[in-house]
Amino acid sequence: MEYLQQSFTVKFEYKVYFTSGLFDKSNPLFNDFLLSTGDPEIPRKILFVIDQGIINAGSDILQQVRDYFSLYKTVKLIPEILIVKGGEIVKNEIQYFDSILEAVNKHGVDRHSYIAAIGGGSVLDLVGYAAAVSHRGVKHIRIPTTVLSQNDSGVGVKNGINYFGKKNFLGTFAPPVAVFNDELFLKTLTDRDWRSGISEAVKVALIKDAEFFNWLEENASELISRDLKVMNYLIHRCAELHMNHIAGRDPFETGSSRPLDFGHWSAHKLEQLSSFEVLHGEAVAMGMALDTLYSNICGRLSENETTRIINLLKKLGFDLTHPLMEVEAEDSAILRGLEEFREHLGGRLTIMLLDKIGIGAEVHEIDLDILKQAGNKLKNY
């Protein structure tokens, strides 16, 4: 039998910048980046998509962007700046996806140009997906504005929208050309959104970095009191751990392993069941609480470390469970999340549990009796 075979390696590289006042005209960082990328002989454009929530919080980001590009003319700013709703609704309703594609087509945004997203994780997911499928890939710049997006989703390579009522059913792996974390956006957050993003830091500490978990215990009060310096350290360390993982063996998740999804199998289902009234970070905190107790009851995690984890989640102000997290009945809606999680992973079910704080362990089946015990025990906290 004759056949042709070829193999090649593609190198992806992008930077996460940490700054304050990204679009202050005295800050050349963003323009310097644009100067350093692309061919200056080819006319380039940039389309901005901005989260409505930032504007509602009183930010003058629209004027800042326009003023910035009136000074720095390296790339032509497309005058029409798209404003989209924040939160999960923007991933649920296809009209927002369509509006970005229509703008790309209308304004002639090509593969030498940029689509920049300013917003929370849901907006970044949406815009990243639209950029990835437009012309088979338009350069995408992420400017996360929430704790959750700055420390976790915004620095990664995933994007997507919800479809068939399932989270991230449509999406791609498409690295951005750059990520800019601006601390000033954090000041626009509600206390609830500020807190929500901390759960992903707890997650990555639990599976990768015991010292970071110790730091979270020591600084929980400062985090809740909105100490910006302390939060900046959390975001930087969490983003660093996240990016180190992405640069590892399986950045595009071709296997069934998802270590960064600790606590997520039930979290994703809870978000859906609550019509996304429960925020992602809140759902992850509850999912971690459930899987922590499961790890303890099945003999993996010590009683002392289990108590430390639960106490930290409580100190940070998270609820540990929710009526929709009920696992007692065999036909429990939350249990359907296990099969949907396996389907989303592809291949066999793979769930991350804990052997110790800082050390995760993957399993490929869940004992429903132990899970019910864990769910009932959570109710007593």
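## A first look

Glu339 has its place in helix 16 (residues 336–345); helices (H or I, at least four residues) and strands (E, at least two) are DSSP runs, numbered from the N terminus. With a relative accessibility of 43%, Glu339 counts as partly exposed; buried means under 20% relative accessible area, exposed over 50%, and partly exposed in between (1.4 Å probe, protein chains only). The model is predicted, so local features need pLDDT of at least 70 and side-chain atom pairs count only at pLDDT 80 or more, while totals for chains, interfaces and linings use all residues. Residues are numbered from 1 along each chain as its sequence is written, and side-chain values use heavy atoms, leaving out hydrogens and water.

**Nonpolar cores**

- The largest nonpolar core has 65 residues, and Val202, Phe212, Leu216 and Leu234 have the most contacts inside it; such a core is a set of buried Ala, Val, Leu, Ile, Met, Phe, Trp, Tyr and Cys residues joined through side-chain atoms within 4.5 Å.
- Helix 14 (residues 280–297) gives this core its largest share, nine residues.
- A second, separate core of 25 residues includes Phe33, Leu34, Ile61 and Phe185.
- Phe212 sits in helix 10 (residues 210–218) and counts as buried because its relative accessibility is 2%.
- Beyond its neighbours within four places in sequence, Phe212 is in contact (heavy atoms within 4.5 Å) with residues including Ala201, Tyr233 and Leu241.

**One face of helix 3**

- In helix 3 (residues 61–71), the buried residues are Ile61, Val65, Tyr68 and Phe69.
- Down the helix axis these residues fall within an arc of 90°, so they line one face of helix 3; the arc is that of the directions from the helix axis to the C-beta atoms.
- Among the elements covering the buried residues of helix 3 are helix 1 (29–36) and strand 5 (114–119).

**Salt bridges**

- The structure holds 15 salt bridges, each a side-chain nitrogen of Lys or Arg within 4 Å of a carboxyl oxygen of Asp or Glu.
- Lys91 forms a salt bridge with Asp125, with the closest N and O atoms 2.7 Å apart.
- That pair links distant parts of the chain, with Lys91 in helix 4 (residues 89–92) and Asp125 in helix 6 (residues 121–133).
- Glu217 and Arg308 also meet in a salt bridge (2.6 Å, N to O).
- Glu217 lies in helix 10 and Arg308 in helix 15 (residues 303–315), so this pair ties together parts that are 91 residues apart in sequence.
- Through shared partners, salt bridges join Glu88, Lys91, Asp125, Lys167 and Glu271 into one network.
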